[in-house]
Amino acid sequence: MINNIRRAAIAAALVLASFAASTPAHAQDRSVEIHTLPMATSVQLLPSAAEVRDGYQRTSFKHWNAGQNPTDGCNTRAEVLLAEAVDRPQILPGCKLSGGRWWSYYDSKWLTSASALDVDHMVPLAEAWDSGASQWTAERREAYANDLAVHPSLVAVSAASNRSKSDQDPAEWLPPTVEVTCRYAAEWISTKLRWGLTADAAELEALTQVAEACPGTTVTYEPAP
């Protein structure tokens with residue numbers, strides 16, 4: 001749960017975070033149903049339900065698969081790294097990435113080695129399972145775990161920040177860089193709405209508090225097929 005000091009810091013940083021939930025670039029070229037709402041409104045759209053971890057196994061979500069271009073030899077993880085590179089790495093045989101430079105927005109760090117990055121599921125696989133994915137088919141769970149269609153679903157960040165986050169929701173973990181809290185919460189909500197996932201009471205309370213501290217932030221989401 002965020003405290004009053006963090007809320008004040010977020011409010012002071014709204015100008016820096018105003019880009020939080022911009023419409024994905026790919027959406028401009030496709031005839032799809034896209035919704036953009038104030039964050040406070042979007043939180044209210046999340047169905048409330050208790051989380052159930054029974055039966056969860058990480059292997060229930062097949063990843064990483066062959067990505068959007070199965071013939072290029074690069075899996076989903078590599079495709080995210082290539083898409084998010086500030087300075088593009090060299091692609092060696094077997095899609096091994098050499099060089100390059102990335103910005104880890106969770107903890108405001110520059111990274112210059114692909115091995116130093118994790119590709120984070122914005123809503124972790126365990127959290128997705130708890131929030132409704134346990135009822136999905138294996139094919140839908142694979143689609144979720146390799147969702148390259150919209151930017152917020154998968155994000156390249158430092159391994160340290162991703163492992164600090166683990167499978168925690170915003171009631172338990174927010175990025176250490178306070179200035180990106182509005183963006184992070186918007187992307188979390190966007191992912192849950194895209195996939196029709198629920199939120200528990202503590203999560204909803206935390207997201208409501210963040211929304212109050214981020215009145216200028218919107219949430220854009222595109223329902224998954």
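Helices (H or I, at least four residues) and strands (E, at least two) are taken here as DSSP runs, numbered from the N terminus. The model is a predicted one, so local features need pLDDT of at least 70 and side-chain atom pairs count only at pLDDT 80 or more, while totals for chains, interfaces and linings use all residues. Residues are numbered from 1 along each chain as its sequence is written, and side-chain values rest on heavy atoms, with hydrogens and water left out.

**Figure 1. The whole chain, before zooming in.** By the DSSP count, the chain has 9 helices and 8 strands. Of its 225 residues, 49% are buried, where buried means under 20% relative accessible area, exposed means over 50%, and partly exposed is in between (1.4 Å probe, protein chains only). A contact here is a pair of heavy atoms within 4.5 Å. Take the contacts between residues at least 6 apart in sequence: 74% of them join residues at least 24 apart.

**Figure 2. Helix H6 and what sits over it.** H6 runs through residues 138–145, and Arg141, Tyr144 and Ala145 in it are buried. Looking down the H6 axis, the buried residues fall within an arc of 95°, so they line one face of the helix. The arc is that of the directions from the helix axis to the C-beta atoms. As a reminder, an α-helix has 3.6 residues a turn, so residues three or four places apart point the same way. The cover over the buried residues of H6 includes strand S6 (117–121), helix H5 (125–130), strand S7 (154–158) and helix H8 (181–195).

**Figure 3. Ser131, in the loop between H5 and H6.** This loop residue has a relative accessibility of 2%, so Ser131 counts as buried. Which residues is Ser131 in contact with, leaving aside its neighbours within four places in sequence? They are Glu51, Lys192, Leu197 and Thr198.

**Figure 4. H8 packing on H9.** The axes of H8 and helix H9 (residues 201–213) are 10 Å apart, and the two helices pack at an angle of about 135°. Axes are lines fitted to C-alpha atoms, for helices over the stretch in contact, with angles running from 0 to 180 degrees between N-to-C directions. H8 and H9 are therefore oblique to each other: angles under 35 degrees count as roughly parallel, over 145 as roughly antiparallel, 65 to 115 as roughly perpendicular and the rest as oblique. H8 passes H9 in a left-handed crossing. On the H8 side the contact is made by Thr181, Ala185, Trp188, Ile189 and Lys192, and on the H9 side by Glu203, Leu207 and Val210. Left-handed means that the near helix is turned anticlockwise from the far one by less than a right angle; clockwise would be right-handed.

Figure 5. Val43 belongs to helix H3 and is buried, at a relative accessible area of 5%. Not counting residues up to four places away in sequence, Val43 touches Ile189, Leu204, Leu207, Thr208 and Ala211. From Val43 to Glu205 it is 162 residues in sequence but 9.4 Å in space, C-alpha to C-alpha. Ala50 is in the loop between H3 and H4, and at 63% relative accessibility it counts as exposed.

Figure 6. Most residues other than glycine have a negative phi, and most peptide bonds are trans. The bond from His63 to Trp64 is cis, with omega near -10°; Trp64 is in the loop between helix H3 (39–45) and helix H4 (76–84). Cys95 is not a glycine, yet has a positive phi of about 60°. Its loop joins strand S2 (90–92) and strand S3 (96–98), and Cys95 is buried at 12% relative accessibility. Ser108 also has a positive phi, near 55°, in the loop between strand S4 (102–104) and strand S5 (109–111). Is Ser108 buried or partly exposed? With a relative accessible area of 33%, Ser108 is partly exposed.

Figure 7. Pro176 is found in the loop between helix H7 (159–165) and H8, and is exposed, with a relative accessible area of 53%. Pro176 touches Tyr106 and Asp107, not counting residues up to four places away in sequence. The C-alpha atoms of Pro176 and Ser108 are separated by 8.7 Å, the two being 68 residues apart along the chain.
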